[in-house]
Amino acid sequence: MCRSPSSPADHDSDHVSGESVDTIVYILTSGGRRIPAHAKIMASASPVLENVIDRPRKHRSSEKIIPILGVPCDAVDVFVRFLHSTKCDEDEMEKFGIHLLALSHVYLVPQLKSRCTKALIGRLNIESVVDVLQLARLCDAPDLYLKCMRLISNSFKAVEETEAWKFLQNNDPYLELEILKFIDDAELRKKRTRKHLQEQSLYFQLSEAMDCLHHICTEGCTSVGPYDKEPSKNRAPCSKFSTCENLQHSIQHFANCKKRVSGGCVRCKRMWQLFKLHSSICESPDSTCRVPLCRQFKMKGGQQVRNKKEEARWELLVRKVVAAKAISSLPLPKRKRDQEEEQPRLVINHQVSVAC
Ligand SMILES: [Zn+2]
Ligand SMILES: [Zn+2]
Ligand SMILES: [Zn+2]
């Protein structure tokens, strides 16, 4: 129903009542209300209205009437007032947000469209999301469309129960398909992101293992030290001790194992791969590096004929670990560091088995 004429534009009507027919236009609403408006202001706010206003009239003396039908009178009222003042309060947005979005799209008023998009995004809920999605699609509002799709995708079970979804299933199979495809793609994106994060975490841990290996073999840690130096018994655990301790046990095992790599010992094989990884990223001259097997691996590296696929995988691993090492050497904001420290840590034996 159309509200009695106490419209915001009436505020203008006093103002425009004394002006000539060339400067005033009347907006006719579905409820039969005539809202007076400034022709120039309306024309400058909307290129669509500008075209209508500039169209020649049949009789020069006749009033210019522009019908805006199909939306509630009060929504048109708010729309006309917005074109005059660029203002619209939250209550009006709450009541007429969807109508104002449609009007802003049809009459090409980007400022109002952006206000409506933001307001509708802020008020999205399970019950309305399907209807708002359809509107966003019709009105070419990509931000709103994406937010609706994400809400549907994240709360699909609840959305499926709404009347709007049931109606859509019966009446718009193309949009239903579009939504289901978005949900599938979102799942795929989540899986990819999870996999990427797991891989990144692995490279960071391998990079830390490389730092620890270097530190154990040059300075020594609690139970293992350089071959020519006894480890200091009173040494306090280092800052990366959870990795370092594991690595020291693995080095001790490697040194004492009877089966060794050739005998099929998995633990020795992993340690051997860590030594090899060190050698691949080691930049010290052969004579100065104290990490076991570093020199041997470097010498072998040039002669060994390896499987090309395996070689490419190994090189990729080396590059990723080098990149992770470079990144972890950069100072990170405190919050980021705290987040990283909260992540569960893999034990060193597991790291290499995943990597190789
Ligand atoms: Zn240590
Ligand atoms: Zn072993
Ligand atoms: Zn080395």
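**Ground rules**

I count residues from 1 along each chain as its sequence is written, and chains are lettered from A and ligands numbered from 1 in the order in which they are written. Since the model is predicted, local features need pLDDT of at least 70 and side-chain atom pairs count only at pLDDT 80 or more, while totals for chains, interfaces and linings use all residues.

**Overview**

I looked up the secondary structure and found 17 helices and three strands. Helices (H or I, at least four residues) and strands (E, at least two) are DSSP runs, numbered from the N terminus. Of the 356 residues, 27% count as buried. For that I use C-beta atoms placed from the backbone: buried takes 20 or more others within 10 Å of a residue's own, exposed 12 or fewer, and partly exposed falls in between. Next I looked at contacts, where two residues touch if their C-beta atoms, placed from the backbone, lie within 7 Å. Among contacts between residues at least 6 apart in sequence, 61% join residues at least 24 apart.

**The sheet**

What is the order of the strands in the open sheet? I read E2-E1-E3, with mixed pairing. E2 and E3 (64-68) are the edge strands, each pairing on one side only. Direction ignored, neighbouring strands are turned by 30° against each other on average. Two strands pair here if DSSP finds at least two bridges between them.

E1 (residues 24-29) pairs with E2 in the antiparallel sense over five bridges. I checked Leu 28 and found that its bridge partner in E2 is Arg 34. The hairpin of E1 and E2 has four residues between the strands, and Gly 32 there takes a positive phi near 85°. E2 (residues 34-38) has four of its five residues buried, so this strand is largely enclosed by the rest of the structure.

Thr 29 has Ile 68 as its bridge partner in E3. Helix H4 (residues 73-85) packs on the sheet and touches E1, E2 and E3; its direction makes about 10° with that of E2. Axes are lines fitted to C-alpha atoms, for helices over the stretch in contact, and angles run from 0 to 180 degrees between N-to-C directions.

I listed the buried residues of H7 (residues 129-138): Val 129, Val 130, Val 132, Leu 133, Leu 135 and Ala 136. They pack against H5 (90-106), H6 (110-122), H8, H9 (156-160) and H10 (163-171). Just after H7, Asp 140 takes a positive phi of about 50°.

Then I picked Ile 152, which sits in H8 (residues 142-154). Ile 152 counts as buried because it has 24 C-beta neighbours inside 10 Å. Leaving out residues up to four places away in sequence, Ile 152 touches Val 129, Leu 133, Val 159 and Ile 179. I also noted Ile 126, which is 26 residues from Ile 152 in sequence and 7.6 Å from it in space, C-alpha to C-alpha.

**H11 against H15**

How do the axes of H11 (residues 173-218) and H15 (residues 308-328) cross? They come within 8 Å and cross at roughly 80°. That makes H11 roughly perpendicular to H15 (under 35 degrees counts as roughly parallel, over 145 as roughly antiparallel, 65 to 115 as roughly perpendicular, the rest as oblique). H11 brings Tyr 203, Phe 204, Leu 206, Ser 207 and Met 210 to the contact, and H15 brings Lys 320, Val 321, Ala 324, Lys 325 and Ser 328. I sorted the contact residues into six nonpolar, two polar and two charged. Nonpolar covers Ala, Val, Leu, Ile, Met, Phe, Trp, Tyr, Cys and Pro, charged covers Asp, Glu, Lys and Arg, and the others, Gly among them, are polar.

**Two loop residues**

Thr 86, in the loop between H4 and H5, has a positive phi near 55° without being a glycine. Is Thr 86 buried or exposed? Thr 86 counts as exposed, with 12 C-beta neighbours inside 10 Å.

Leu 293 is not a glycine either, and has a positive phi of about 70°. I placed Leu 293 in the loop between H13 (266-281) and H14 (294-303). With 17 other C-beta atoms within 10 Å, Leu 293 is partly exposed.
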